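Here is a quick tour of one protein model, written for someone who likes to know the cut-offs. Have a look at the chain first, then read on.

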Amino acid sequence: MLLRQILELFDYLDTPAANGGTLTALLKERGAAEVTVETVTGEEGDTDCVTILIKGSEGKSSGGNAPTLGIIGRLGGLGARPEVTGFVSDGDGALAALAAGLKLAEMNKNGDVLKGDVLIATHICPDAPTQEHFPVPFMGSPIDMTTNNEKEVLPEMDAILSIDTTKGNRVINVNGFAISPTIKEGYILEVSNDLMDVMTRVTGKLPAIFPVAQQDITPYGNDLHHLNSILQPATATNVPVVGVAITTEQPVAGCATGASHFQDVEAAARFAVEVAKGYGNGQISFYDEKEFQHLLKLYGPMNVFQTFGK
């Protein structure tokens, strides 16, 4: 279980002084090979972009060829100060991704070294802006989505789990987390059976899958409605991306405080750790490569959906 990691990191993040620097020493002490922090300034403030590398025994960072899993914690901000006080629901994506990173670092230090590298990327902002959205307000971000993707969608990643609070909607109606179909190069592919197997093992329940519209996998800024930013990494890479949505039965605003459920965040983080275990050694696939190539042969590339279109 990752409950200790969740609670420990929550204390680091639930403060107006939260920043990437305070996490660096903790993560390195616990076993992370590298932790980088870059403060990035946008039109509405600044944020600390954090990247954590957990080296695998046959990972690319050590000269091996085992595939690298990317775990991205998507959010606008950890807090919406001074408008509201405290840790907001939107921060759950960062909390889950960092908890997965902390657990993987500790495993590595203790001798449970995975075969492939794992890269965790998120950003730390305790005072992000908010924005209007139906049915409940969203959190904004101090940096634009293009910059966000540049800092978090790294070329070393061979597949990506994008963890994001996804409570501000009426189409996902479960407490816990749900996963998306695999998104790759503008295509919405079938849901990975391997990932559903992991989800069932982690939750002890039937897998929950959230619906994806074509608009959801297009870039922000094209005047189309998006569920949220969970699948925005898919607009910036050609590797497979799966959204891991931390969800509720009823719509909850991203800027709401007191709305983080430790059991749901922990389950999403544990899911990411279990996927990391299987992905690096080739036991987990995000999509069927043969079928994807057949799709391309039949219908051609769909990369236009990764762009702003005409």
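How many salt bridges does the structure hold? The count comes to 14, where a salt bridge is a side-chain nitrogen of Lys or Arg within 4 Å of a carboxyl oxygen of Asp or Glu.

## Ground rules

This is a predicted model, so local features need pLDDT of at least 70 and side-chain atom pairs count only at pLDDT 80 or more, while totals for chains, interfaces and linings use all residues. Residues are numbered from 1 along each chain as its sequence is written, and side-chain values use heavy atoms, with hydrogens and water left out.

## Overall build

The protein chain has seven helices and 11 strands; helices (H or I, at least four residues) and strands (E, at least two) are DSSP runs, numbered from the N terminus. With a radius of gyration of 18 Å, close to the 19 Å from the globule rule for 310 residues, the chain is as compact as a globular protein of that length. That radius is taken over C-alpha atoms, and the rule is 2.2 Å times the number of residues to the power 0.38.

Along the principal axes, the C-alpha atoms fill a box of roughly 55 × 50 × 40 Å. Of the 310 residues, 57% count as buried. Here buried means under 20% relative accessible area, exposed over 50%, and partly exposed in between (1.4 Å probe, protein chains only). The areas themselves come from the Shrake-Rupley method.

## Salt bridges around Arg30

Arg30 pairs up with Glu8, and their closest N and O atoms are 2.6 Å apart. Because Arg30 lies in helix 2 (residues 20–30) and Glu8 in helix 1 (residues 3–13), this pair ties together parts that are 22 residues apart in sequence. Glu8 is partly exposed, at 21% relative accessibility.

Arg30 also forms a salt bridge with Glu106, this time with the closest N and O atoms 2.8 Å apart. That pair links distant parts of the chain, with Arg30 in helix 2 and Glu106 in helix 3, 76 residues apart. Glu106 has a relative accessible area of 9%, so it is buried.

## A loop-to-loop bridge

Lys60 forms a salt bridge with Asp158, and 2.9 Å separates the closest N and O atoms. The two sit in loops 98 residues apart: Lys60 between strand 2 (45–54) and strand 3, Asp158 between helix 4 and strand 7 (159–165). Both partners are partly exposed, Lys60 at 34% relative accessibility and Asp158 at 26%.

## A negative patch

Glu43, Glu44, Asp144 and Glu150 form a negative surface patch. Patch members have over 30% relative accessible area and no salt bridge, and like charges are joined within 9 Å. Lys and Arg count as positive, Asp and Glu as negative, with His and the chain ends not counted; each charge is placed at NZ of Lys, CZ of Arg, CG of Asp or CD of Glu. Glu150 belongs to helix 4 (residues 145–152) and is exposed at 55% relative accessibility.

## Two loop residues

Thr85 sits in the loop between strand 3 (69–74) and helix 3 (92–110), and at 70% relative accessibility it is exposed. Thr85 and Ala256 are 171 residues apart in sequence, yet their C-alpha atoms are 9.5 Å apart in space.

Ala234 is in the loop between helix 5 (193–203) and strand 11 (241–247). Ala234 counts as buried, at 4% relative accessibility. Its C-alpha atom is separated by 16 Å from that of Phe210, 24 residues away along the chain.

Notes:
Patches are made of residues with over 30% relative accessible area and no salt bridge: like charges are joined within 9 Å, nonpolar side chains (Val, Leu, Ile, Met, Phe, Trp, Tyr) within 5 Å. Accessible areas come from the Shrake-Rupley method with a 1.4 Å probe; for residues, only the protein chains shown count as cover.
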